[in-house]
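This briefing is intended to be read beside the sequence and the coordinates. It is arranged by topic.

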Amino acid sequence: MLAEELMKEKNNKSVTLRAFSIRCSKLSSNKSDYIEKLKEKLENTVVNDRRMRLSQQDPKKEEDLISYYNTNNEKNILFGTMLRITPGGDVAHITNELFKNKSFTIDELVNTKHDNYAAVYRGHYYFCMDDKHLITNLPTNKTITRLQTYVNFLLSSEDFELTPIIISSPENKLSDLKRITVKNPFTDTLKKNRTENKSIRIDKNLFEIVKGLFKDTQNLDDVDLSQIISAELILKLTKPRRMSEEEYQRLYGAYLKPISDIDNISFKDKNGKQIKGKDVLKTKNVDIEITETGELVEPQLNQEMIKFLNELKE
């Protein structure tokens with residue numbers, strides 16, 4: 001029995017699925033219009049047409065693209081693979097021939113053997129969506145903004161918006177949460193917290209005051225200090241009386257959306273109970289079988305994502 005369990009564990013990988021709500025009010029009065037537009041765009045393009053350059057100034061010229069997709073028209077569901085690549089390079093994995101296809105799988109990419117490489121594979125993740133929600137296995141230390149930005153790019157829009165779904169239960173009502181604490185490690189004298197190209201600067205004078213607290217400690221430089229001190233931003237919250245719990249939940253999700261490391265967030269309710277940021281996000285852990293090369297079995301992952309989508313409707 002133990003051997004069987006170890007073998008099962010070896011052939012499976014634990015995956016954290018994250019849930020997001022979709023808002024795209026300006027695309028159309030029809031809520032599902034955006035997914036139809038996505039399907040139409042994917043059907044009428046090849047992979048090469050879907051490449052989005054992350055920054056024109058980036059010397060590596062990194063790009064995002066949807067390399068694979070499939071649809072369930074009966075349930076109006078779209079499943080896709082998001083790829084990050086770097087054009088060119090001697091150790092690339094993607095050929096010009098693959099870019100000319102409507103889609104290609106990760107397995108095709110891994111097994112490609114060719115001298116005419118067009119791009120270097122950097123990483124990938126999956127997503128699955130219906131007309132109201134989106135599920136992804138994008139790591140929790142990455143913000144969903146990267147996928148939102150890409151979809152808007154593909155649709156030539158600015159209206160597609162993804163917001164983390166927040167858990168609200170009778171035991172842990174969002175309206176009972178009274179304080180948010182954001183912790184960020186010091187990184188240098190002008191300390192920056194990078195969040196979607198924004199930065200929070202802690203005044204240099206404040207840093208000198210903090211250093212003064214350790215004036216009796218000899219040979220303590222800025223590097224040493226940065227390793228033992230962290231900053232906290234504390235926000236006190238009050239739910240407006242006329243605001244619905246649903247709208248309050250959406251605002252919480254919008255607040256957490258740009259934070260790349262949710263472990264740096266904690267909440268405290270009216271009774272003083274401490275709640276970790278990750279515990280208020282709607283997630284689901286699933287075990288997915290892996291191939292001999294260590295890749296997730298995509299059909300199984302797709303099915304688990306659809307199950308999660310269905311659970312959100314209950």
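The model is predicted, so local features require pLDDT of at least 70 and side-chain atom pairs count only at pLDDT 80 or more, while totals for chains, interfaces and linings use all residues. Residues are numbered from 1 along each chain as its sequence is written, and side-chain values use heavy atoms, with hydrogens and water left out. Helices (H or I, at least four residues) and strands (E, at least two) are DSSP runs numbered from the N terminus.

**Strand pairing around β1**

- Strand β1 (residues 12-23) runs antiparallel to β13 (residues 283-289), and seven bridges join the two; strands are taken as paired if DSSP finds at least two bridges between them.
- Within this pairing, Lys-13 stands opposite Ile-288, and Arg-18 stands opposite Thr-283.
- Four bridges link β1 to β7 (residues 133-136), also in antiparallel orientation, with His-133 as the bridge partner of Ser-21.
- Strand β8 (residues 161-164) is likewise antiparallel to β1 and joined to it by four bridges; here Ile-22 faces Leu-162.
- In a regular strand the side chains alternate between the two faces of the sheet.
- Buried denotes under 20% relative accessible area, exposed over 50%, and partly exposed the range in between (1.4 Å probe, protein chains only).

- The buried residues of α2 are Asp-33, Tyr-34, Ile-35, Leu-38, Lys-39 and Leu-42.
- These residues pack against β1, β3 (63-72), β4 (77-87), β6 (117-129) and α5 (145-155), where contact means heavy atoms within 4.5 Å.
- Helix α9 (residues 298-313) contains 16 residues and spans 23 Å from its first C-alpha to its last, close to the expected 22 Å. The expected span is 1.5 Å times one less than the number of residues.
- Buried positions in α9 are Glu-298, Leu-301, Asn-302, Glu-304, Met-305, Ile-306, Phe-308, Leu-309 and Leu-312.

- Thr-45 is located in the loop between α2 (33-43) and β2 (52-53), and is buried at a relative accessible area of 9%.
- A polar atom of the Thr-45 side chain lies 2.8 Å from the backbone oxygen of Lys-41.
- Beyond its neighbours within four places in sequence, Thr-45 is in contact with Arg-50 and Lys-102.

**Salt bridges**

- The whole structure contains seven salt bridges, each defined as a side-chain nitrogen of Lys or Arg within 4 Å of a carboxyl oxygen of Asp or Glu.
- Arg-51 and Glu-63 form one of them through their side chains (2.7 Å, N to O). Arg-51 is in the loop between α2 and β2 and Glu-63 is in β3, so this pair ties together parts 12 residues apart in sequence.
- Arg-51 is partly exposed at 22% relative accessibility, whereas Glu-63 is buried at 8%.
- The side chains of Lys-284 and Glu-311 also form a salt bridge (2.7 Å, N to O). Lys-284 belongs to β13 and Glu-311 to α9, so the pair ties together parts 27 residues apart in sequence; Glu-311 is partly exposed at 35%.
- Lys-307 pairs with Glu-304 at 3.8 Å, N to O. The two are three residues apart in α9 and are therefore separated by about one helical turn.
- Lys-307 is partly exposed, with a relative accessible area of 45%, while Glu-304 is buried at 16%.
- Salt bridges with shared partners connect Arg-51, Arg-53 and Glu-63 into one network.

**Nonpolar cores**

- The largest nonpolar core has 55 residues, of which Ile-94, Met-129, Leu-134 and Leu-147 touch the most other members. Such a core is a set of buried Ala, Val, Leu, Ile, Met, Phe, Trp, Tyr and Cys residues joined through side-chain atoms within 4.5 Å.
- Strand β6 gives the most to this core, with seven residues.
- Not counting residues up to four places away in sequence, Ile-94 touches Leu-83, Ile-85, Phe-99, Phe-104, Leu-109, Tyr-117, Ala-118 and Ala-119.
- Another core, of six residues, lies apart from the largest one and includes Ile-166, Ile-265, Ile-275 and Val-280.

Definitions and conventions
Polar contact = N/O pair within 3.5 Å; in protein donor to acceptor, adjacent residues only side chain to side chain.
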